[in-house]
Every structure is written in structure tokens, then in C-alpha cells.
Amino acid sequence: MFYRENGQFKTSYRADQQVFPILQDRVAIGLVLIFAFAVVPFLASDYLMRAILIPFVIISLAALGVNVLVGYCGQISLGSGAFMAVGAYGAYNFFVRFPGLPLIPALILGGLCATLFGILFGLPSLRVKGLYLAVATLAAQFFSDWMFLRIKWFTLDTPSGSVSVSNLQVFGWPIESAASKYLLCLVVLVVVAVLTKNLVRGAIGREWMAIRDMDVAAAVIGIRPMYAKLSAFAVSSFIIGVAGALWAFVYLGAWEPAAFSVDQSFRLLFMVIIGGLGSITGAFFGAAFITVLPIVLNQALPVIAGWFGAQISTVGIAHAELMIFGGLIVWFLIVEPHGLAKLWSTGKQKLRLWPFPH
Amino acid sequence: MAFFLETLFGGLMVGMLYSLVALGFVLIFKASGVFNFAQGAMVLFAALAMARFAEWIPMWTGIESRWFANVAAFAVAGLVMFAVAWLIERLVLRHLVNQEGATLLMATLGIAYFLDGAGQTLFGSNIYKIDIGMPKDPIFLLDKVFEGGILINKEDLYAAAIAAALVALLSLFFQKTGTGRALRAVADDHQAAQSIGIPLTRIWVIVWCVAGVVALVAGMIWGSKLGVQFSLTTVALRALPVVILGGLTSVPGAIIGGLIIGVGEKLSEVYLGPYVGGGIEIWFAYVLALVFLLFRPQGLFGEKIIDRV
């Protein structure tokens, strides 16, 4: 009823090529942003911030990066956890070795470290693709696991590879309270999301998608596969690296290499599948789903078990979580291969015609 | 020299077990084009089933003989793996016919998670022992040539013998039986096989059953060496570079790749490890496979696929 675009005429190319060409979308996004920036910090409790909102925002950022590589460029990557780790430890090294370096440049430098690492491990993508590449990216994961555990230089000679940061501040603002952490992550997320959206709309995004859909044909029409693939690896690992640095600096505070294990890589891949491959909104849906699901299950499973007069232990919950995760992935792939984002856009399409379906 | 040979033999033995897991990957990929990430979960699931049934069956039947318990547990665990294979085909693969390889890969990731959870819910998540009565005492070879001889675990020899027997059995199955021939036909060309009346879905069930049995044997051997526990799934991650090295579609490739990776891992750990801080076993195989891919993307024995527009 309200979601209808009659009467919204585009009189210039500029107007036609906006990110959100429909007025209602612009209003809705504006409201969401106002809500996220101005209302949430006052409403949400500290627990909600620390347990759900901050991880959700950071993980959305990482999922966005994975989506650039997997969703837009079609290069399956199982090494996202490694890129996060490189971003985190890279930022840490710059932050500690150069006293007085502000937080934001440290984050960006961490992202750049991840970019280099990503390009290096993206090189095999020029020779192999698909399943072989997925295994090749696993190499990045195992290599980084080993590197941060065994090469003491990266962790400033701490014995277990666990490091910590403190006294974070941005432009003189201390990043101590949950609300300030949340706002910092949110600002980064919004900036990166807008940049990414414009990137994938532009020439380079089209090149990525052409490579994804049919690489040989893309090469024939003059797209350089090497440039396209490596740029996707670079952009994606930069975003994932920044997310990793935020995850370590802001969310964890103190961390060890196990925080970025192969499990993290798989989880990021699931987010992108469940959220929707090749969609910016999908990254948010997927991240929300995967962040909230374990918490919901933790609360709900004992209650459900209680209805049947059964007791369920924490171990049982962990196993049930694995099963539900696995089942959901398969179910999504079968029923809705384009993920939650597709459901969302189908819903919008239906609304435009409502109440007359034709 | 003796130390080098010992390391070499150790590597070969480990490599044999990698080959077993890799064989599971290759079988499924050949017959259905699915890169089965769940192979590791299947190994864990099968080993858990076997370990637990070996405990439960004497309790239920009251027969004390360990030999009987093991054989019965193996049979029951085999049946469980058949059921798993049938369910996977019914519930997952059938709905994903004609999807891209990437989608199928992710589906098997989902299956892997499900099996991990289900296995531990059904069979418990402690560390269990599989005791199939393999002798553990070491033997010494060539003690005339080298001082002290070369120390080899008898257990490893038995494991290698079982693995070799399984491979021989599989190749007989593939070469001599009608079903095996049908499997190879499907591997060559799905459509052609279907058009001469080979039912694809049944072939898939069979091939997943075979992979289940391979997983069971692998799980049994690994389990009796290391104990059955969650870390068994990582064995499959270690076996992935084997497949890459050997080529996704080649059974001999899986075996030779496994041996190369096993030997390479052990030798690199012993001779290179000390210079870079140790623990390089974890990634050596991957980096080896990666470098190899740069020169020969289809693997040692893989088919060369030529893309045309």
C-alpha cells in the first residue's frame, strides 16, 4: 500500500542511478540509520551491546568483505579467518611499535597488511578455480594459524601468542564504554558499506560479476581476469582485515590466534550463504542470523526440552547447535539458494503490487 | 641414515592413512562431481559408531569375545553408514541435482556440521577407544646393516596392510562387477550413463555407501591409533591437499598423493622444522599442494579440463 513508486519520475540519469532510486527505500534507510546512531546507544543495555550488537556490527563488516570475494567475484574462500587474523595482528604491530599512532590509521594499516596477504594467497586463483581454489585458500588459514603461534616477532615475543591492547581512543574520545565501541564500529561499517555498494555498482564490480558468471567469456570481451580477481581479493581482504582488527581491538581486547581459527572462516561463509550471495543487505541478514541464533538456541533449547520433560546439558546444546546449523545450511541451499536477501526482495516485489498480484 | 629411513617409513605409514581418507573424497567426486567436505565428519561418525557399538554389543548380548564384538560393531557401524548415505542422497543431493560445484561443496559443509553434532549426540563426546587387537610392539628391521636397526611400529604395518587390502578390494569392485562398471560409466558422463538406463540416484547411494565404508575403515585405523575423538575431523582437513596433489578424479592419485604428503610432512618437520620454529606439519602439505597447483592445476593424475566459450 505504501511501498509503491507511482509518480516518482526520474528526469536525469543521475536520479536514475542513485543507490536507492525509490523514495520509500531512502526514507527507510534514513530511519534505520537514525535509529542505529541516535536511539540504540540510549536504549540498549550494556549486555545487549557487548553480547550482540558489537559482534553483529563487526561480523557484518567481515561478511561484507567475504561477499565481495565469494558473492560478487565467485572465488570461494575458506581463508577469511586468516585475513581477519592478519588484519588484527597487523594493526596490533603498528599500534604497539609506533607509540602515538592513532587508532584509525592503525586499523587501516592492519587492513593493508591483510590486503597484501590476500593478494599473495589469491595468486593461485589465476591458475585454479572453484573447488581447487577453496582448498588453496585453506592454506592461508593454516599458514596464519601457524605464523601467529610460532613466529614470535608478530606477537612481540609473548609466549602463547596472546596479546592485548588498551587505552583506545579516536580523536581524543576514549573508546571504553560499550556505547562508544558500538558507535565506532557502526561508523566504520556504514562508511565501508557505502563504499562497497558503489564499488560493486561501478565498472570494477561489473568486471567481478562477469568473471563470476563465466570467466572465459569475460576474458574474451576484454576483462583482464588477473586484474579482476586480484582486485577482488585485495578489496575483500582489506575489508575483512579491518573487521578482524576491530574484532580484536574493540570486541575482544585481548586475543590469541585461536580467535581466528578455521571455524571462523566457515561461519563467515555460512553468513554469506544464508544472507545471500552477491548482495550487500545479505551480509547484514546473514551476520544477524548467525550472531543471534546461538544465543536464541541457548535460551530456547532448555525450555523446549523442558516441555518434553527432558533435561538438556550445555554439551547437548552445543551439539544441537551444530546440527541445527548444518541442517539450516542445507535447507537454505535447497529451498532458498539466494538467501534471506532474496526473500526480502521478493517481499518488496510483492508489496509493490499488493493487493493486486498482477 | 637409519634415522632418515625411519622417518621415511613413518611418513609412508601416515601417508597410507591419508590416502584412505582421500580415497573417500575421490570416489564421491568421480561419481557425482561433489567435493565432499563431510568426509572428515563421516570418518568421525563411523569411528564413534564403531567404538560405541563395540562397547554396547557385549553388554546387550552377553557375549564376551572381543573378536565377536569388533566384527559385530563393524557390521552395525557399516549399516549405520549405509543409512547415512541413503539419507544424504534422499534429503540433500536429490534436491541439488544440476547445481554448481560450489553449492554442493557448501551443502556438504552443512552435512559435515550436522554429522558432527548428530554423532556426538548419539554416541557421546568423550574420547573412546577402538581396540581391534593390533599388536603395538615395535619391530626392528635391517639390524645387520645399521646400528640398532630401523624401528617400525607393528601397528603401522597392520594398518598399511588393511588399507592396501581395502584399495585392492575397491579396484576389484570397480573393474570386475557390473555395479562397478556402472559407477565408472557415471563418472565418465552422467547424461550418457543415464541414457543407457543406469539409475543415477541409485549409483549415488552406492557411491556414498562405499565412501561410508572407506570412512569406517579409516576411522577404525585412526581410532585405534589415536583414540576416537573430535580431532579426527581435522584428519580430513589434512587429507585435502592430498586430493589436490593427486588430482580430484584419480584413485591412484589419491594413494600416491597421500604417500607424498605423508613423507613430505614428516621429513619437513624433522629436517626443516627446527629452523622455523616447528609445527610446520600443519601447513606444509597445503603449501606443497599450492605450489604444485601453480605448475599443474589438474594435479598429478587429474584430467585436464579445457574451457571453451
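Which element supplies the largest share of the lining of the second largest pocket? The answer is α2(A), with nine residues. This is a predicted model, in which local features need pLDDT of at least 70, side-chain atom pairs count only at pLDDT 80 or more, and totals for chains, interfaces and linings use all residues. Residues are numbered from 1 along each chain as its sequence is written, chains are lettered from A and ligands numbered from 1 in the order in which they are written, and side-chain values use heavy atoms, without hydrogens and water.

The second largest pocket holds about 1700 Å³ of space. A pocket here is an open set of points on a 1 Å grid over the protein atoms alone, with protein on both sides within 12 Å along at least five of seven lines; lining residues have an atom within 4 Å of a point. Volume is the space filled by probe spheres set on the points, which are joined across faces, edges and corners. Of the 42 lining residues, F20(A), I29(A), T281(A), F284(A) and W344(A) are the closest to the centre. Two or more residues each come from α2 (23–43), α3 (46–72), α7 (178–201), α12 (280–307) and α14 (339–353) of chain A. Helices are DSSP runs (H or I, at least four residues), numbered from the N terminus. The lining divides into 30 nonpolar, seven polar and five charged residues, where Ala, Val, Leu, Ile, Met, Phe, Trp, Tyr, Cys and Pro count as nonpolar, Asp, Glu, Lys and Arg as charged, and the others, Gly among them, as polar.

The whole structure has two cavities of 30 Å³ or more; a cavity is a set of points where a 1.4 Å probe fits but cannot get out. The largest has about 50 Å³ of space, and its lining includes L27(B), F174(B) and R184(B). That lining has six nonpolar, no polar and two charged residues. The second largest cavity, of about 30 Å³, is lined from both chains, by V135(A), A136(A), I244(B), Y286(B), A289(B), L290(B) and L293(B). Four of these residues, the largest share, come from α12(B).

Leaving aside neighbours within four places in sequence, F37(B) is in contact (heavy atoms within 4.5 Å) with residues including L78(A), L138(A), F266(A), F25(B) and L105(B).
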